[in-house]
Amino acid sequence: MAAPVLAGCSRRPQSLAYDGPPVTGIVVTKAARRMLLLSGRTVICEHRVDLGSNPVGPKRWEGDGRTPEGFYIVDKRNPKSQYHLSVGISYPNAQDMAYAAALGRPPGGDIFFHGTPPDKPRGTDWTAGCMAVSNREIEEIYAMVRDGTPVWISP
């Protein structure tokens with residue numbers, strides 16, 4: 001029996017497949033706390049995101065509580081994440097590593113889009129630098145987004 005299909009931004013369980021338009025890019029605007037999933041130039045999904053606990057400015061080193069800014073790609077996923085599900089990005093890139101090295105600090109890593117535990121209220125910046133959405137939203141994102149998808153995070 002085939003799994004039911006997830007189309008667009010419907011709120012369906014993680015076990016569903018997605019057969020809508022391909023997600024060709026993800027744009028996060030930190031100031032607006034918005035993530036857009038794009039197919040070409042068309043927005044197919046929009047989500048509110050919670051950011052790192054110190055959200056203003058780009059991530060500079062491990063432990064600074066900031067969410068990165070710049071160009072990355074989706075490069076991993078974790079179906080057993082402590083935050084329900086998670087989709088990882090390629091932070092740190094070469095520029096991030098060079099900046100941290102110039103400061104004599106490690107750049108950190110493991111930046112993800114992920115769900116939200118019950119003890120964290122939505123609408124607050126609480127992560128260590130990741131971008132959090134609701135658990136239902138991360139199920140949708142996990143089904144829609146493929147490894148290699150470009151991610152642009154702007155201030």
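Colleague: What should I keep in mind about the model and its numbering?

Modeller: This is a predicted model, in which local features need pLDDT of at least 70, side-chain atom pairs count only at pLDDT 80 or more, and totals for chains, interfaces and linings use all residues. Residues are numbered from 1 along each chain as its sequence is written, and side-chain values use heavy atoms, with hydrogens and water left out.

Colleague: How many helices and strands does the protein chain have, and how do you know where they are?

Modeller: Helices (H or I, at least four residues) and strands (E, at least two) are DSSP runs, numbered from the N terminus. The protein chain has 2 helices and 10 strands, in the order β-β-β-β-β-β-β-α-β-β-α-β.

Colleague: Why is Trp152 called partly exposed?

Modeller: Buried means under 20% relative accessible area, exposed over 50%, and partly exposed in between, using a 1.4 Å probe and protein chains only. Trp152 has 43% relative accessibility, so it counts as partly exposed. You will find Trp152 in strand E10 (residues 150–154). Of the 155 residues of the chain, 46% count as buried.

Colleague: What makes the nonpolar surface patch with Trp152 in it?

Modeller: Phe71, Ile73 and Trp152 make it, and its area is about 300 Å². Patch residues have over 30% relative accessible area and no salt bridge; nonpolar side chains (Val, Leu, Ile, Met, Phe, Trp, Tyr) are joined within 5 Å, and like charges within 9 Å. Areas come from the Shrake-Rupley method with a 1.4 Å probe, and for residues only the protein chains shown count as cover.

Colleague: Why is the contact of Lys30 with Glu69 called a salt bridge?

Modeller: The rule asks for a side-chain nitrogen of Lys or Arg within 4 Å of a carboxyl oxygen of Asp or Glu. For Lys30 and Glu69 the closest N and O atoms are 3.0 Å apart, so the pair meets that rule. This pair links distant parts of the chain, 39 residues apart: Lys30 is in the loop between strand E3 (25–29) and strand E4 (34–39), and Glu69 is in the loop between strand E5 (42–48) and strand E6 (70–78). Both Lys30 and Glu69 are buried.

Colleague: How many salt bridges are there by this rule?

Modeller: The count comes to 9. Among them is Glu46 with Arg34, at 3.0 Å from N to O. Glu46 lies in strand E5 and Arg34 in strand E4, so the pair ties together parts that are 12 residues apart in sequence. Glu46 is partly exposed at 44%, and Arg34 is partly exposed at 33%. Another is Asp147 with Arg77, at 3.3 Å from N to O. Asp147 sits in the loop between helix H2 (135–144) and E10, while Arg77 is in strand E6, 70 residues apart. Salt bridges that share partners also join Arg48, Asp50, Arg122 and Glu137 into one network.

Colleague: What makes H2 largely enclosed by the rest of the structure?

Modeller: In H2, 8 of the 10 residues are buried, so the helix is largely enclosed. The buried ones include Glu137, Ile138 and Met144.

Colleague: What makes a space a pocket, and what is the volume of the largest pocket?

Modeller: The search uses a 1 Å grid over the protein atoms alone, and a pocket is an open set of points with protein on both sides within 12 Å along at least five of seven lines; lining residues have an atom within 4 Å of a point. The largest pocket has a volume of about 310 Å³. Of its 19 lining residues, the closest to its centre are Tyr83, Asp110, Phe112, Ala128 and Cys130. The volume itself is the space filled by probe spheres set on the grid points, which are joined across faces, edges and corners.

Colleague: Why is Asp110 called exposed?

Modeller: Asp110 has 55% relative accessibility, so it counts as exposed. Asp110 is in the loop between H1 and strand E8 (112–114), with a positive phi near 55° although it is not a glycine. Arg33 also has a positive phi, of about 55°, but Arg33 is buried, with a relative accessible area of 19%.

Definitions and conventions:
1 Å grid on protein atoms, 1.4 Å probe; cavity = no way out; pocket = protein on both sides within 12 Å on 5 of 7 lines; lining within 4 Å.
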